[in-house]
Amino acid sequence: MDVVRTILGFLLILVVVVGVLGVLALAVGTRAGRKKLLQLVVVLLVVTFFSFSLIHLTPGDPARTQKPFATEEQLRPIRDEIGLNDPFLVQYKDWLVNFVQGDFGRDYSTNLPVKDAIGKQLGVSLQLIFYAQFLALLIAIPLGVVAAYRAGTWFDKVANAGAFGAIAVPPFVFAFVFIFYLAVQAGWFPTQQYVAFGTDPAEHFKHMFLPALSLAIGQIAIYMRLLRSDMIQTLQEDFITMAKAKGLTNSRILWRHALRPSSFTLLTAAALNFGALIGGAVVIEFVFQLPGMGLGLIQAVSTRQYSAVQAYVALIAVAFVLFNAFVDGLYSVLDPRIRHARAAA
Amino acid sequence: MIRWRRHERADTTAERFPTETLEGPLLEVRDVKTHFRTSRGVVHAVDDVSFSLDRGRTLGVVGESGSGKTVLSRSVMGLLPKKHVIREGSIKFEGREIGNAGTDEMRHIWGSQMAMIFQDPMTSLNPVMKVGKQITESLLYHLDISRTYAAELAEALLTSVGIPEPKRRLNEYPHQLSGGLRQRVMIAIALACGPKLLFADEPTTALDVTVQAQILDLLQEQQRERFMAMILVTHDLGVVAGRTDEIAVMYAGKIVEKAPTSVLFRNMKMPYTEALVHSIPKLADKSHTRLNVIPGRPPQLVNPPVGCRFAPRCPHAQEKCVHEEPPLRESDVPGHLFACWFPVGTPEGNEALARNRAAGVPAAVGRDGAATASMGSSAAELG
Amino acid sequence: MPEQPPESGGTALADEVERTGLVADAVTVEIAGVTAGVEPARKRRLGIGAWLAIVWLVGLILAAIVAPILPIAGPNETFTSIQRAQAPFSTINETGGGTTTPFAEGHLLGGDRNGHDLLSRAVYGARNSLIVGFGAIGFGIIAGGLLGLVAGFYRGKIDTVIVGFLDIMLAIPALVLALSLTAVLRGRVGDLWILVIALGIISVPILGRITRANTLVWSEREFVTAARAQGAKNWRIMTREVLPNVLPAMFSIALLGVAVVIAAEAALRLLGIGLSITDPSWGGIINDGRDFLTQGITAHVVFVGSAFIFLTILSLNYLADVVRARFDVREAAI
């Protein structure tokens with residue numbers, strides 16, 4: 001099973017790298033693309049710089065706060081490792097070079113390299129976010145379609161009101177509701193902890209379902225409303241009447257004709273929503289005690305392991321920035337106006 | 001052998017072309033009303049419209065925007081939503097009453113027996129679906145044929161509507177085609193299953209003038225080949241002039257004149273029809289000739305006026321017109337119906353016009369185009 | 001080949017019915033193929049929902065302000081009568097050492113595991129949450145609003161720089177940034193300040209972008225050009241002409257922002273990253289009640305905390321919607 005994990009992990013990295021580079025390559029062709037690339041580099045530098053400076057911004061001596069009961073003797077090698085004896089910018093350069101190579105510093109409470117912990121945590125977090133997004137779209141799309149089709153009926157009104165309420169509830173509240181009723185009282189799901197897919201797929205999904213659902217509900221509400229409003233507009237277009245005049249059934253018209261043109265906003269929202277998902281995932285991991293990056297970050301902050309915090313913040317931020325750049329590039333490629341122009345050429 | 005899918009009742013030729021109905025008119029519309037319930041009140045979009053249409057014949061429905069012509073075509077075809085719409089009257093297709101048929105029943109008719117072409121091909125074609133798919137979808141749905149055969153049929157259809165390189169076009173999207181081609185595609189989709197009746201709702205309005213004639217010619221040709229009845233809805237008299245057998249002129253939701261085409265143009269009775277004809281600019285006119293316009297606007301249809309609806313803008317209007325609505329009656333030429341108290345070309349009509357001119361009544365527009373008034377004042381004057 | 005554009009936006013039918021009888025309700029009769037039609041718009045004065053929301057919020061604010069003189073227990077006083085279990089991690093059920101019903105006399109909402117009166121903790125927690133909410137958003141509006149206003153008004157290089165700056169702030173996911181800032185400020189300033197500053201900083205880029213978008217739209221209007229032609233100085237135009245038009249849009253966004261900040265504050269307190277545990281807060285209440293919930297003893301404590309959060313956010317969201325509809329604010333593309 002570990003082999004499967006490794007292969008999947010490898011594929012994921014491959015897809016990400018190829019995706020980002022490919023899209024960037026396409027984008028670089030244009031002047032706007034080159035400008036964006038420059039901005040990207042600047043943003044990455046600033047973000048990593050900020051992450052790096054955390055160790056100095058936080059109160060106290062960087063080495064001592066991480067290992068409070070050590071003697072000065074014991075702290076010296078730590079200071080060396082962190083590079084505290086060098087000038088600030090040199091520290092940054094060294095840290096950055098290490099970071100890019102995958103050396104994320106050390107957690108001084110356990111004395112283990114942060115890289116080890118992150119390696120295991122990254123998968124968990126990605127799984128959580130992916131499952132949540134998938135679940136959200138899976139449920140929101142049919143709901144949105146039916147609500148649009150039955151706009152104005154009780155179904156629509158209930159769905160809309162429900163969605164409005166759901167948006168007002170933070171994900172962790174849902175988490176507790178689910179834990180209490182579905183896990184504690186009904187016993188269908190475990191209340192916390194994590195089981196890897198490789199170890200036991202069934203248990204894996206049982207453990208991940210409630211966390212993913214808690215994250216997803218807020219998203220479902222938003223996506224459903226977006227899709228519904230878009231579809232209501234689309235359904236008033238002439239080509240829908242035309243489809244009806246061809247004698248096609250309502251369900252065919254809804255799903256084959258109306259859905260595709262209406263999903264643009266939805267997909268944009270889903271793509272742009274990852275920032276909220278990341279934040280939500282941090283809290284959900286805490287509630288369910290899932291050993292992901294979020295929990296890692298929280299623990300690092302709690303135990304004042306600021307070298308680790310540097311790494312977590314930098315890693316999450318860099319991944320986020322790259323992902324947004326990728327989506328941005330993808331849109332410039334898929335934008336119908338550009339496709340139009342290309343088709344006309 | 002092409003069999004009809006999902007139309008269990010029409011499996012045999014005998015059922016599809018019942019002999020009794022081969023004699024009667026294809027479409028019979030009697031006293032159809034279509035009203036919309038809105039927050040402002042009930043809109044009388046179509047009131048008491050009746051006509052009938054035989055196979056292979058063309059009816060032109062002419063009127064300004066707001067005359068109800070589009071609502072009429074959609075109403076007859078049954079495409080209006082159920083909510084907030086009141087539909088009354090009888091609509092018989094091949095002798096069978098469809099006025100109160102549900103959507104499920106109508107679905108058997110749409111596409112296979114009755115079809116519609118819409119005004120703007122850009123918005124009427126699905127922008128994210130390939131052209132070929134939009135045609136074959138209809139074919140595969142109504143006919144029991146294979147996908148390959150459907151594709152062949154689609155290609156043949158495109159050729160028959162005059163689209164060059166049909167194979168290539170099948171794989172293109174609507175935005176890749178010019179306006180004229182898109183309209184041809186729409187015609188192809190409409191004709192795909194060989195309907196008996198075609199509604200053409202302003203088929204050329206969104207097109208270039210040079211392309212308009214081509215499209216109209218194409219429609220006529222297809223109609224002849226297929227022995228198809230056609231209802232041509234337009235605001236442009238020029239479109240219907242040489243291409244229809246009969247013309248119905250609509251105003252404010254009612255048919256105000258109906259006649260065989262040549263009769264209408266030769267011997268029009270309604271002042272409205274006359275005004276329409278005279279508003280067409282002629283090639284022979286000198287440059288800078290003033291365009292003849294009909295002053296004012298069509299009336300609000302929420303509470304339609306009691307009398308003749310055209311009265312406020314009519315050069316022949318008299319007191320009677322404002323208080324009593326003229327009934328639709330037949331003139332001495334059979335088949336020519338009109339609704340007017342003081343028709344054009346009659347002694348009463350000419351008298352009325354002269355009286356109005358003398359009194360300086362604003363709506364009295366003459367052939368010299370001396371039109372001035374606004375709707376507001378004349379409406380107020382005539383109550 | 002040039003083509004005639006279709007008539008106004010909608011279908012031909014809509015145009016037709018529009019002219020014949022309706023303007024605002026053309027949608028009602030527009031052919032929708034499969035939908036059954038849209039309800040015609042009804043204008044009303046503030047609906048019951050809005051009033052409920054206002055009542056809740058005003059009540060909450062008032063209670064928070066006069067908390068010390070309210071006839072409720074202090075937030076840190078302990079009462080064994082409502083203490084839910086003697087030992088924090090005991091699995092004894094409710095009857096083992098405390099009242100079984102949440103609504104014991106004198107303690108409307110019952111108590112948490114330490115015997116604190118929940119109603120009192122909720123009210124004092126409201127204090128904290130509201131201060132953080134309005135404080136952070138206030139900071140965000142002033143700082144972000146200023147940046148956005150300047151960026152949208154002057155455009156050019158200033159705009160590029162400010163937008164770049166805001167974008168960088170947006171590059172780090174909000175909660176992660178909040179955690180980092182909490183770590184930085186911890187111990188240096190009081191808890192309340194930590195939250196206000198951290199969440200305030202986070203709200204700056206979002207509010208800045210929205211302000212900028214609105215400013216861009218309004219700056220192009222002719223009355224701005226007119227003012228300029230009369231010799232008004234830039235600053236004056238910004239404050240006198242543009243700002244008053246941008247503010248209504250911001251009001252709605254501000255309400256939403258407060259809701260988001262309250263949720264974020266609750267989340268941060270739930271995570272327990274060194275923020276004081278004795279200070280009452282809604283997130284803290286939930287954190288306190290967590291063990292009871294996961295052990296199946298009772299969900300009551302968590303429920304109380306969650307209910308306050310939910311009702312407050314719901315009210316704010318609802319009012320934000322009402323305000324937006326009222327002022328007919330166009331959603332400027334961000």
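**Entry 1: confidence, chain C.** I began with the scores, since this is a predicted model. Chain C has a mean pLDDT of 73, and 75% of its residues reach 70 or more. Over residues 1–43 of chain C the pLDDT stays under 50, and the model has 118 contacts beyond four places in sequence for them. Residues 329–334 of chain C also stay under 50, with 11 such contacts in the model. Where pLDDT is low, the predicted coordinates should not be read in detail. For the model as a whole I noted ipTM 0.85 and pTM 0.77.

**Entry 2: a helix pair in chain C.** Next I picked α6(C), residues 174–185, and α7(C), residues 191–219. Their axes come within 9 Å and cross at roughly 145°. I wrote down the crossing of α6(C) past α7(C) as right-handed. Which residues meet there? From α6(C) I listed Ala174(C), Leu177(C), Ala178(C), Leu181(C), Thr182(C) and Leu185(C). Across from them, α7(C) brings Ile194(C), Ile197(C), Ala198(C), Leu199(C), Ile201(C) and Ile202(C). Sorted by class, the contact between α6(C) and α7(C) has 11 nonpolar residues, one polar and no charged.

Entry 3: Of the 345 residues in chain A, 42% are buried. Taking the contacts in chain A with a separation of 6 or more, I find that 71% join residues 24 or more positions apart.

Then I turned to where chain A touches chain C. The contact draws 50 residues from chain A and 43 residues from chain C. On the chain A side, the elements giving two or more residues include α2 (31–57), α7 (154–167), α8 (171–185) and α14 (306–334) of chain A. Which element gives the most? That is α8(A), with seven residues. By class, the chain A side divides into 37 nonpolar, 11 polar and two charged residues.

**Entry 4: chain B and its sheet.** Chain B holds 16 helices and 12 strands. Buried residues are 47% of its 383 residues. I also noted that 65% of the chain B contacts between residues at least 6 apart in sequence join residues at least 24 apart.

I traced the open sheet of eight strands in chain B, in the order β6-β7-β8-β3-β9-β10-β12-β11, with mixed pairing. β6 (114–117) and β11 (329–330) of chain B are at the edges with a single partner strand each, so one side of each has no neighbour in the sheet. Further in, I checked β9 (residues 246–251) against β10 (residues 254–260) of chain B: they run antiparallel and are joined by six bridges. Glu246(B) stands opposite Pro260(B) in β10(B).

**Entry 5: one leucine.** I finished on Leu237(B), which sits in helix α11 (residues 237–241) of chain B. Is Leu237(B) buried or partly exposed? It is partly exposed, because 18 other C-beta atoms lie within 10 Å and being buried would take 20 or more. Beyond its neighbours within four places in sequence, Leu237(B) is in contact with Val62(B), Leu276(B), Val277(B) and Ile280(B). I also looked up Pro81(B), which is 156 residues from Leu237(B) in sequence and 30 Å away in space, C-alpha to C-alpha.

Conventions: Residues numbered from 1 in each chain as written. Chains lettered and ligands numbered in written order. Predicted model: local features only at pLDDT ≥ 70, side-chain atom pairs only at ≥ 80, totals over all residues. Contact = placed C-beta atoms within 7 Å. Helix = DSSP H or I, 4+ residues; strand = E, 2+ residues; numbered from the N terminus. Nonpolar A, V, L, I, M, F, W, Y, C, P; charged D, E, K, R; others polar. Buried ≥ 20, exposed ≤ 12 C-beta atoms within 10 Å, placed from the backbone. Pairing = 2+ DSSP bridges. pLDDT = per-residue confidence, 0-100. Axes fitted to C-alpha atoms, helices over the stretch in contact; angles between N-to-C directions. Left-handed = near helix turned anticlockwise from the far one by under 90°.
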